[in-house]
Amino acid sequence: MGVLEQPAAPAPAPYLRIAAELRARIASGEIRAGEKVPSVRQIAQEWGIATATAGKVLSVLRAEGLVRAVPGVGTVVGAATEPPHRRNGALRTLTRDHIVRTAVALADVHGAAALSMRALAAELGVPPMALYRYVPGKGDLVALMADAAFAERGLSGRAPAGWRGRLEAAARHQWALYLRHPWLPGTGLPAAAAGLMEWAMAPALRRGLEPAAVARTAAAVTGYVRGMAVDLADGPDPAGLDAAFAFGLARLLDGLAVYVEQRTGDA
């Protein structure tokens, strides 16, 4: 009888292969301690994969303790947790603001699916139960993260006088936040977002547009922006999606201008 050939071992999943390549770069010193590793989008572009898959790459390295997310910086080479003798120091400096900022950085780098109270505690170098002194649960944490994201920057430039200019500025501002935080569309709209739309529609309200119509108009634009932004987490070309967003927003505003004019006599 001939020798039976053993079936070839299955190829590793793409994210594991890419994680191995980055691991080798770290081990060789090509990426040194404290230096940034490629971001989710950079990994997606360099290896031609979806951002969701790229997020798994960094999750693997983070689970191994090779990288950690730094608020306002990105993912850097270094231990993900504090050594035992420094844990007391981490507990002393723990605040709700620090917890929320770290959670935002973690979600920005790894995606919403990778965010858990346990993972966040590991990132902060504290026991998981310590977080519950400041945040009741993950749902409350996500709400605080959304509030923080919407509060991190205001509208740029001078405020337009008319409702259409304001509504476009508000929509573009919200879109920019979603580009910066791809996990954000999956959360509820915080009070800051509602306040932004109230500001945008104030001129139309003064022109006589009834409150119910104001609410419908604001909801249509908000829903459009969030609907377009959901695709950001799936890894399409951001530039192409941005162009599609701008085109769709302009057409939506064209239609709403007719709607508002019919009810106020002024576009």
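These questions and answers walk through a predicted model of one protein.

User: What pattern do the helices and strands follow along the sequence?
Analyst: Start with the count. The protein has 12 helices and 2 strands. Read along the sequence, the pattern is α-α-α-β-β-α-α-α-α-α-α-α-α-α.

User: What share of the residues is buried?
Analyst: A residue counts as buried under 20% relative accessible area. The protein has 267 residues. The buried share of these is 40%.

User: Is Ala27 buried or exposed?
Analyst: Ala27 sits in helix α1, which covers residues 14-28. The cut-off for exposed is over 50% relative accessible area. Ala27 has 70% relative accessibility, so Ala27 counts as exposed.

User: How far apart in space are Ala27 and Leu66?
Analyst: Along the sequence, Ala27 and Leu66 are 39 residues apart. In space, the distance runs from C-alpha to C-alpha. That distance is 9.7 Å.

User: Are α2 and α3 roughly parallel or roughly perpendicular?
Analyst: Helix α2 spans residues 40-47, and helix α3 spans residues 51-63. Their axes lie 8 Å apart, at an angle of about 115°. Angles of 65 to 115 degrees count as roughly perpendicular. Therefore α2 and α3 are roughly perpendicular.

User: How do the residues of the contact of α2 with α3 divide?
Analyst: From α2 come Val40, Arg41, Ile43 and Ala44. They meet Thr51, Ala54, Gly55, Val57 and Leu58 in α3. The residues of this contact divide into 6 nonpolar, 2 polar and 1 charged.

User: How are α5 and α8 set to each other, roughly parallel or roughly perpendicular?
Analyst: Helix α5 covers residues 96-110, and helix α8 covers residues 138-151. Their axes come within 9 Å and cross at roughly 85°. That makes α5 and α8 roughly perpendicular.

User: Which residues of α8 make the contact with α5?
Analyst: On the α5 side, the contact uses Arg96, Ile99, Val100, Ala103, Val104 and Ala107. The residues of the contact divide into 9 nonpolar, no polar and 1 charged. On the α8 side, the residues are Leu141, Leu144, Met145 and Ala148.

User: Which residues does Leu141 touch, leaving out those up to four places away in sequence?
Analyst: Leu141 belongs to the largest nonpolar core, which has 75 residues. Leu141 is among those with the most contacts inside that core. Not counting residues up to four places away in sequence, Leu141 touches Ile99, Val100, Ala103, Leu115, Met117, Leu120 and Val135.

Conventions:
Residues are numbered from 1 along each chain as its sequence is written. This is a predicted model: local features need pLDDT of at least 70, side-chain atom pairs count only at pLDDT 80 or more; totals for chains, interfaces and linings use all residues. Side-chain values use heavy atoms; hydrogens and water are left out. Axes are lines fitted to C-alpha atoms, for helices over the stretch in contact, and angles run from 0 to 180 degrees between N-to-C directions. Helices (H or I, at least four residues) and strands (E, at least two) are DSSP runs, numbered from the N terminus. Angles under 35 degrees count as roughly parallel, over 145 as roughly antiparallel, 65 to 115 as roughly perpendicular and the rest as oblique. Contact means heavy atoms within 4.5 Å. Ala, Val, Leu, Ile, Met, Phe, Trp, Tyr, Cys and Pro count as nonpolar, Asp, Glu, Lys and Arg as charged, and the others, Gly among them, as polar. A nonpolar core is a set of buried Ala, Val, Leu, Ile, Met, Phe, Trp, Tyr and Cys residues joined through side-chain atoms within 4.5 Å. Buried means under 20% relative accessible area, exposed over 50%, partly exposed in between (1.4 Å probe, protein chains only).
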